[in-house]
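Here are some notes to read alongside the model. Please keep the structure open while going through them.

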Amino acid sequence: MESGGHVNPAMEKDPNHYQEAVGNGVAADRLVAGAGDVPGLDVGLDDFVGANPDYNEEEEERKYFRRKRLAVIKNVLAASLGGMLTYGVYLGLLQMQLILHYDETYREVKYSNMGLQDIDSKMLMGINVTPIVALLYTPILIRFFGTKWTMFLAVGIYALFVSTNYWERYYTLVPSAVAIGVAIVPLWASMGNYVTRMAQKYYEYVNYKEEHVQEQQRAPRGAYNAYIIAFQSLFYGCFHLSFVCAQMPMLFFLNSYLYDLNHTLCNVKNCGTLSKGMLPGFNATVLQSLPRSINLIIVESVLMGVAFLSMLMVLILCGSAYRPTEEIDLRSIGWGNIFQLPFKHMRDYRLRHLFPFFIYSGFEVLFVCTGFSLNYGVCAIGLEKLAYIIMAYGFSAAACSSLALSMLRLPRQAPLLAGAAAHAILLIGLFCWAPHPRVLDQAPLLYLVAALWGLGSALNKTSLSTLLGMLYQDKERQDFVFTIYHWWQALAIFVVYLWSGLPMKAKLSIMLLTLVASVLSYLWMEHKLGRHVLYRVPKIPKPRHKVRGYRYLEAENSDETGSEGESEQDSDSSQQEQAGPGGQRHQQKCAYEQALGEEDGENVG
């Protein structure tokens, strides 16, 4: 028994176990010895257990990462199309709902004294006011549910808003509108974070042979930029098509019920820069015949089906933005820290100098959908042409989003400043232009202005999201940064909601001043970066997870450098290296005796 080898303690306790093992070993020796007596058996075993001569490891690895890259592109397309369908359904339904509820005949015949206009005003208040507090809960939602599941939850809330229109009552419409307000910032913050993460993963799958990728270390500065530019351009190209999709209910259903411009604009006297409020003098009856309830149900069912399709696209086709271990690390820094970090990131001068652009981004998108479309477009060529004005804007913005790819060759300031210049020229022109009511000859000029505004919007939004992805490449910070961006944008939309009664010249003046301040602030930020002025970035706390289970048994399982698991393993390994070979054998012997003692204790218990 003591032949110089180590004896398993289980064999000492159970002699039959040792005899069985010896018997199995003898049988195995006889099988191997007799294998040479059987013709072809040794060749068959070699073929079975040996390496496949046709297997090319490098080729298989290349195919594997090609599939990974295709999966990333599929994720970006699914997220972009899902966001497009979701926002298109929401805008289309809200626009159709507001037009129907505006008509006094529809309100009296369909709903009598229920007060639809009061309900609509409270709905708009819920949609525009609720996002003010979104900075308090959006990072917690994204860290708790994960980026993909936050997107899915927000898309589901938009689908809930569509479903409540089957039964239009105060207790269905207003709560669903408040829920929409709650979901606005989490949806677009998680979308921006998701697209940026996909760009970073695509870089890793393209450069999988690089040492920093294999070791899961930080990439060189600017390594992700080209992929961030391309993916953000693709995302916003799809997003701006949502304005086109939103006009489908208007084109194929509602337009056939509308009066022409001679009836709806009979009392309108001033348009454009001379107007005040939201289209004063517009006729209180816009429907020449009331749509049947069954037709409304069919339209809402189609919209509900599209909303459900977008939910399925996000659920099934979108993969996770982070590895499971990364998700654990992101939420293990403590919920108090997650709550505070968005506010701490605002101390970074790069973000502070971009605040005016964030605000202007909210101003311009709502202005084109309300102020320009109504006080310039509808006032001049009628409500039946509203859909074509918005579609001209949407098609132009979707096509011009690809112009942000110029950042691959030109300085990154070029697209953002070009979009600002286009909007500045348009704002000055709109300040001096007052279209004549009920004159269809002005339609081509209105479509041209809408298309040029779409050019500026595309360059503005695509460049801002790309710039944030380029400035903040750490995966631990991106959700905070995009939350701040879309929160400021939501605040600006709230301001536009408040100023609806102001004269048009006041609105244009505020937008022009904000745009000038945005450009100056951004140029100052680039100047400070060019002078290498240090910026203040808050420290991300280390994950505070408990080191137990398989999760942190090996160093490569941790994606967070300097985590507790790694620090303990590093200390253990350093102690073993200092102890030398003898010390390692002593530690192994102590560990073995401890394990043997625990086994005896368990058997005794």
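1. Which residues in α7 meet which residues in α8? This is a predicted model. From α7, L141, I142 and F145 take part, and they meet T147, W149, T150 and L153 in α8. By class, this contact has five nonpolar, two polar and no charged residues.

2. The geometry of this pair is as follows. Helix α7 covers residues 134–145 and helix α8 covers residues 147–163. Their axes come within 6 Å and cross at roughly 115 degrees. The crossing of α7 and α8 is right-handed.

3. R143 is in helix α7 and D479 is in helix α22 (residues 478–498), so the pair links distant parts of the chain, 336 residues apart. Both D479 and R143 are buried.

4. E327 counts as buried because its relative accessibility is 12%, whereas R331, at 28%, counts as partly exposed.

5. R350 and D348 meet through their side chains in a salt bridge of 2.8 Å, N to O. R350 is buried, with a relative accessible area of 2%, and D348 is buried at 1% relative accessibility.

6. T196 lies in helix α9 (residues 170–206). T196 counts as buried because its relative accessibility is 0%. Leaving out residues up to four places away in sequence, T196 touches I228, Q232, G469, Q478 and F482.

Note on methods. Residues are numbered from 1 along each chain as its sequence is written. This is a predicted model: local features need pLDDT of at least 70, side-chain atom pairs count only at pLDDT 80 or more; totals for chains, interfaces and linings use all residues. Side-chain values use heavy atoms; hydrogens and water are left out. Axes are lines fitted to C-alpha atoms, for helices over the stretch in contact, and angles run from 0 to 180 degrees between N-to-C directions. Helices (H or I, at least four residues) and strands (E, at least two) are DSSP runs, numbered from the N terminus. A crossing is left-handed if the near helix is turned anticlockwise from the far one by less than a right angle, and right-handed if clockwise. Contact means heavy atoms within 4.5 Å. Ala, Val, Leu, Ile, Met, Phe, Trp, Tyr, Cys and Pro count as nonpolar, Asp, Glu, Lys and Arg as charged, and the others, Gly among them, as polar. Buried means under 20% relative accessible area, exposed over 50%, partly exposed in between (1.4 Å probe, protein chains only). A salt bridge is a side-chain nitrogen of Lys or Arg within 4 Å of a carboxyl oxygen of Asp or Glu.
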